[in-house]
There are 2 protein chains.
Amino acid sequence: MKRNLLLSPGPSKVPAELCEVLGRPIIHHRTPQFQAILKEVFEGLKKVLKTQNDVFIFASSGTGAMEAAVANLLSAKDKAITVEAGKFGERWTELCKAYGVDAKVLKIAWGKAVQPAAIQEILAVEKDIKAVFITLCETSTATMPDVKAIADIVKQTSAVLVVDAISGLGPDELLTDEWGVDVVCSACHKGLMLPPGVSFISVSPKAMKLAEQSTSPKYYYSFKKSKKAVEKADTPFTPAINLVMALNESLKMVNAKGIENMWPYYAKMAKAVRAAAKAIGLTIFADEANASNAVTAINVPPGIDGEKLVKAMRDVHGITMAGGQGEELKGKVVRIAHMGAVDEYDILTGIAVLEKALCAMGYKFELGAGVAAAQKVFNS
Amino acid sequence: MKRNLLLSPGPSKVPAELCEVLGRPIIHHRTPQFQAILKEVFEGLKKVLKTQNDVFIFASSGTGAMEAAVANLLSAKDKAITVEAGKFGERWTELCKAYGVDAKVLKIAWGKAVQPAAIQEILAVEKDIKAVFITLCETSTATMPDVKAIADIVKQTSAVLVVDAISGLGPDELLTDEWGVDVVCSACHKGLMLPPGVSFISVSPKAMKLAEQSTSPKYYYSFKKSKKAVEKADTPFTPAINLVMALNESLKMVNAKGIENMWPYYAKMAKAVRAAAKAIGLTIFADEANASNAVTAINVPPGIDGEKLVKAMRDVHGITMAGGQGEELKGKVVRIAHMGAVDEYDILTGIAVLEKALCAMGYKFELGAGVAAAQKVFNS
């Protein structure tokens with residue numbers, strides 16, 4: 001009878017009605033029946049991404065879409081800017097390195113967000129930068145840069161702006177076309193409430209033009225192949241059929257509400273988590289001004305092992321949050337997600353189990369203060 | 001109340017007990033709970049592949065594993081042999097081209113299988129061939145080369161043998177280690193009875209050594225990253241969690257029986273389909289000596305449009321077979337799969353619907369002769 005609740009920043013909670021779709025009888029993908037589903041999925045993704053750009057889908061997890069961006073947009077020796085403010089920013093640098101791209105790396109302290117001016121400075125000096133790679137929600141630190149301000153800068157240059165919105169899409173505001181974001185990468189297992197296995201990417205005309213010059217090897221993730229297929233409501237290679245069928249239902253759920261109407265909902269959850277943490281004497285890892293609404297990283301109090309804390313919540317109580325990643329944060333933070341199907345009662349449950357586990361580990365605080373503080377935010 | 005039966009060569013029929021697993025509550029992938037599943041999956045895949053080599057899994061469809069082979073084993077300007085005897089052999093050439101590999105292409109008439117001696121001849125002249133790419137079951141033509149004989153030749157050279165066993169694995173005999181096949185690519189949505197979304201690849205020590213020299217860009221499909229992860233029963237990137245959970249159950253079903261005990265079972269189905277086709281006056285596209293046990297391509301009789309035939313079976317009767325692929329075969333064959341969960345009664349159903357649709361389209365034959373011929377094979 002142990003609860004199985006995912007409050008981790010991907011995979012996140014999958015609602016029962018989507019689990020049911022995953023288990024539905026399979027249909028063949030080269031049929032008018034599946035084509036009709038794919039058409040709806042492409043339109044649904046455009047709505048969520050707030051874009052009129054082409055959207056391509058891949059059977060892969062999020063990193064596949066990130067690799068697609070690097071492999072299609074750039075060639076060996078091309079120059080790019082990457083922003084390393086956590087593990088997923090580092091992934092952009094690693095991908096550039098794998099493709100021989102000359103990445104100018106902006107290293108930012110974990111928990112801080114890059115200053116748009118820092119990107120502007122590099123672009124002013126290095127006139128041949130072809131792409132700027134940033135992260136909407138840097139999941140490892142739960143921070144978020146000012147994407148709109150960065151887009152304002154990049155769009156005045158010949159470079160394209162590429163945003164990893166894998167965990168951010170859904171909770172964190174993202175106006176792809178209005179802000180002028182050229183490429184957005186995301187995946188189905190975060191804000192879109194599904195198990196992992198489908199990634200997607202939106203590509204602006206400016207980015208498609210840049211892609212024409214790229215000489216990097218690519219095949220499975222080729223924009224050219226995807227573009228040709230998308231025009232016939234198809235995919236170049238066999239899609240993850242059942243996940244795509246479920247993605248269609250998930251998109252209908254999100255778009256019925258309107259993603260812009262969900263941003264305040266997740267913002268409130270993030271605020272409730274921060275208030276709860278403070279009420280039991282804990283601090284938040286990220287600067288509040290840059291805190292993401294997709295996930296919150298709470299600093300584990302001195303004397304408590306964060307790894308053991310996460311393990312106790314998961315293995316004893318059945319509630320999965322994430323610990324810290326990398327040398328910087330391993331054992332030092334607990335990350336609680338507020339994305340997708342997570343609701344205010346899940347958040348109260350998460351705070352309650354955090355209180356319970358901290359209590360058992362000897363941390364002194366007023367039991368219930370966290371839950372009460374979160375309730376007050378939800379009721380405000 | 002229309003039947004929904006897939007007799008297509010991937011995706012193939014998904015049994016209800018595996019649909020149920022797909023819809024189970026998700027668990028997080030970086031947990032001891034999922035690690036235990038992954039461990040079983042890696043072991044289960046080794047059994048099905050008849051190998052002790054490392055097996056890596058990817059969240060992708062089969063082409064992802066094929067790209068992994070090319071990107072990890074070779075570098076631009078390396079030499080390789082590809083065998084084009086159909087659409088999937090062509091894919092190896094296209095992948096080589098995408099990575100700048102100098103592919104010596106053996107073009108074989110569709111429906112025929114490559115002669116091992118033809119590969120030997122090239123290897124005798126071109127001493128620096130690094131890899132030979134072949135296809136176990138060439139799904140587009142339903143033919144199968146003599147992989148064992150080819151392996152006998154390639155293993156005497158410094159080249160590695162790479163086999164696309166995406167549709168062949170399960171129905172077609174494949175003794176990876178005994179024959180000396182270095183790399184085998186496959187996926188979960190054919191013989192392993194699942195919706196698409198997981199591919200896998202086995203890699204011999206000889207192939208791992210070759211991979212160390214490769215300078216081709218790769219990241220998501222990196223053998224090095226996979227090898228490091230597999231040692232901790234992990235994957236380098238987020239796996240397709242629910243598909244992997246279902247793959248574990250599928251592998252248990254197959255391995256409980258033993259894949260070698262299933263080969264005669266599928267061989268009998270293939271024989272029954274061939275007998276049925278002949279009994280209603282139709283011919284088989286592939287030479288019988290090279291016919292695959294995974295799929296049979298039946299020539300559509302003169303005057304009948306193969307595309308309309310497939311459409312009628314699917315849209316009127318709910319039974320999905322595949323038509324012909326490429327300029328060579330479009331509208332000219334109907335392909336019926338006998339793989340994974342397809343059983344003898346599904347085959348009888350398939351023959352019956354084929355008879356029904358052909359009858360409706362004006363083809364003259366003795367109704368019932370096909371089904372009776374298939375029954376006789378099954379009862380022999």
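This is a predicted model: local features need pLDDT of at least 70, side-chain atom pairs count only at pLDDT 80 or more; totals for chains, interfaces and linings use all residues.

Tutor: Start with the secondary structure: chain A has 15 helices and eleven strands.

Student: What is the radius of gyration of chain A, and what would a compact globule have?

Tutor: Chain A has 21 Å, which agrees with the value near 21 Å for a compact globule, because that value is the one for 380 residues. Along its principal axes, the C-alpha trace of chain A spans about 60 × 55 × 35 Å.

Student: How much of chain A is buried?

Tutor: Of its 380 residues, 57% are buried. As for contacts in chain A with a separation of 6 or more, 74% are between residues 24 or more positions apart.

Student: Which residues touch the most other members of the largest nonpolar core?

Tutor: In soluble globular proteins, nonpolar side chains tend to be buried together. Here the largest nonpolar core has 268 residues, and Val132(A), Ile201(A), Val132(B) and Ile201(B) touch the most other members. Leaving out residues up to four places away in sequence, Ile201(B) touches residues including Val55(B), Phe56(B), Ala65(B) and Cys185(B).

Student: How many residues of chain B are in contact with chain A?

Tutor: On chain B there are 44, in contact with 44 residues of chain A. Helices H1, H3, H4 and H10 of chain B each supply at least two residues of that side. H3(B) gives the most, with four residues. By class, this side of chain B has 22 nonpolar, 17 polar and five charged residues.

Conventions:
Residues are numbered from 1 along each chain as its sequence is written. Chains are lettered from A and ligands numbered from 1 in the order in which they are written. A nonpolar core is a set of buried Ala, Val, Leu, Ile, Met, Phe, Trp, Tyr and Cys residues joined through C-beta atoms within 7 Å. A residue is buried if 20 or more other C-beta atoms lie within 10 Å of its own, exposed if 12 or fewer, and partly exposed in between; C-beta atoms are placed from the backbone. Two residues are in contact if their C-beta atoms, placed from the backbone, lie within 7 Å. The radius of gyration is taken over C-alpha atoms; the globule rule is 2.2 Å times the number of residues to the power 0.38. Ala, Val, Leu, Ile, Met, Phe, Trp, Tyr, Cys and Pro count as nonpolar, Asp, Glu, Lys and Arg as charged, and the others, Gly among them, as polar.
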